[in-house]
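This report describes a protein model through its overall dimensions, its cores and a handful of individual residues. The structure comes before the details.

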Amino acid sequence: MATSSQTGMTQTMTIVDSALNLALQKIAEVDVPQGKHIALAYSGGLDSTLCVKLSRLKYHARKLTAITVDVGQGEAEIQQSTERAAKLGISPLVIDAKQEFTEQWLSKAIQANSDYNGYPVSTSMTRQLIAARVAKKALELGCDALMEGSTGKGNDQYRMHNVFSLFAPAMPIFVPVRDFDLTRGEEQLLMEYYGVAVEEVIAGGDDKTMWCRSIASGGIDLATELPDSIWMWLTPPAKAPDKPATLNLSWQNGLPVALNGMALPLDQIIEQLNIIGGSNGIGKIDLFEDGIMGMKSREIYEAPAATILLRLHRDLEQFCLTKEEIQVKRQLDVQWASLVYHGEWFHPLKDAIDAFIATTQKVVSGQYTIELYKGNIDIRSRSSASGLFFPDIRSIKSASFNQKECAPAAHIRGLPFELIARRNTLASTAFKGE
């Protein structure tokens, strides 16, 4: 007689087998184009790993070139993806794009105060950089199709498609997860079935760059608990040190150029701030995000360096730019972030906005001393040789000019309101006389 545990195990196996059969049926029932030589954007995660298997089993590729673009996800992740590729019988072509990402993408993101409704624009940038590099390499290698691992519910399908269409406009694009309408669970079952199981720290996986780490995108609901083990840099504020960490940051032309008095390239400053900021409770982002299709999702990000640098850059701009520049730039910053988030990095409008932003950054230079303490960023001192804050003129303690001279100016500025009052009186009188 079977025990209750044996019965439960049997029922679980039946459910799993049923789900696997459904996934296999989905794949069998959908006709897809064939590719002779497919170029795959390969990260080594669940989606792109499944793409490797399906490129052969379903798309019947005679040749597959898996391309991994290094945008700062770290040596450990690159190594893991390479090892997983070996199990799949492939050797990915690795393209190092870290310098390009830092110097041509992240620098612009900082100067544009890149923020899409609370999210420091990151994955949306890397997807487009990866797509551009993969498409260019595909043309160089004579590939006749492109493949990537986006889902039909997410944003990346649009970002990748836009860029693929720009750099390889005549090439078909295969998106297996979307093409076969697969759920995350079905993907995992399929990879177990194919003999290359892909384990995830948290359901949905993560996407890491040096700028920001996205955790389980689209897989977090209101009741999902976030264990401390999911964080890569962050120490939760309650467990952070009881003594603040003091940092000095130097800025030139809208970018950080030195940390604690040592001149460093941008990528090294970001790397150190991720460690220091994260250890002091900085960088957790938990928000509702409006995706490209207008559907809300709860998104979790980890971005210590981005949180620190964007906070200071905004403050420095307030210090150095005119009121009119700030007002216009804030609107363009929002437009910039929206364009990039929606997969339009290469849009002509973004280039035009970049040109305006670059002009404003010529005077955005200064020095900051900050304290990081249990999730808080406290600006302790700031200075700038190109700032517009002059206390010798503005301070109420100063006798720098004769205040009486402002009376005529105030009268002129108030004149339109006198005219509005006259109009209102006349309109009221006319109404009563009707």
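At 13% relative accessibility, Leu287 counts as buried; buried means under 20% relative accessible area, exposed over 50% and partly exposed in between, with a 1.4 Å probe and protein chains only. The model is a predicted one, in which local features need pLDDT of at least 70, side-chain atom pairs count only at pLDDT 80 or more, and totals for chains, interfaces and linings use all residues. Residues are numbered from 1 along each chain as its sequence is written, and side-chain values use heavy atoms, with hydrogens and water left out.

Leu287 belongs to strand E11 (residues 284-290). Helices (H or I, at least four residues) and strands (E, at least two) are DSSP runs, numbered from the N terminus. Leaving aside neighbours within four places in sequence, Leu287 is in contact with Asn117, Gly118, Tyr119, Ser297, Arg298, Glu299 and Tyr301, where contact means heavy atoms within 4.5 Å. Ile300 is 13 residues from Leu287 along the chain, and the two C-alpha atoms are separated by 6.8 Å.

## Overall dimensions and charge

The protein chain contains 14 helices and 14 strands. Along the principal axes, its C-alpha atoms fill a box of roughly 95 × 70 × 60 Å. Of its 434 residues, 46% count as buried. Among contacts with a separation of 6 or more, 76% are between residues 24 or more positions apart.

The accessible surface of the protein chain is about 22,400 Å², and carbon and sulfur atoms account for 55% of that surface. Accessible areas come from the Shrake-Rupley method with a 1.4 Å probe; for residues, only the protein chains shown count as cover.

In soluble globular proteins, nonpolar side chains tend to be buried together. The largest nonpolar core in this model has 75 residues, of which Met125, Trp211 and Leu249 touch the most other members. Helix H10 (residues 304-320) supplies the largest share of this core, nine residues. A second, separate core has 31 residues, including Ala23, Leu40, Val52 and Leu189. A nonpolar core is a set of buried Ala, Val, Leu, Ile, Met, Phe, Trp, Tyr and Cys residues joined through side-chain atoms within 4.5 Å.

Not counting residues up to four places away in sequence, Met125 touches Phe101, Trp105, Leu106, Ala109, Trp211, Trp336, Val340 and Trp345.

Asn274 sits in helix H9 (residues 266-279) and counts as buried because its relative accessibility is 2%. The side chain of Asn274 reaches the backbone oxygen of Met210 at 2.8 Å. Beyond residues up to four places away in sequence, Asn274 touches Met210, Trp233, Pro304 and Ala305.

Lys137 is part of helix H5 (residues 123-141). With 18% relative accessibility, Lys137 also counts as buried. Its contacts, leaving aside neighbours within four places in sequence, are Ile67, Leu93 and Ile95.

## Positive phi in two loops

Most residues other than glycine have a negative phi, and most peptide bonds are trans. His60 is not a glycine but has a positive phi of about 50 degrees. The residue is found in the loop between helix H2 (46-57) and strand E2 (63-70) and counts as partly exposed, at 48% relative accessibility. His60 touches Gln34, Gly35 and Ser55, not counting residues up to four places away in sequence.

Asn113 likewise has a positive phi of about 50 degrees without being a glycine. Asn113 lies in the loop between helix H4 (98-111) and H5, and is buried, with a relative accessible area of 5%.

## Ser383 in strand E14

Ser383 is in strand E14 (residues 376-383) and counts as partly exposed, at 36% relative accessibility. Between Ser383 and Gly366 there are 17 residues of sequence separation and 5.5 Å in space, C-alpha to C-alpha. Not counting residues up to four places away in sequence, Ser383 touches Phe319, Gly366 and Gln367.

Methods: A polar contact is a pair of N or O atoms within 3.5 Å; within protein, one must be able to donate a hydrogen and the other to accept it, and residues adjacent in sequence count only if both atoms are side-chain atoms.
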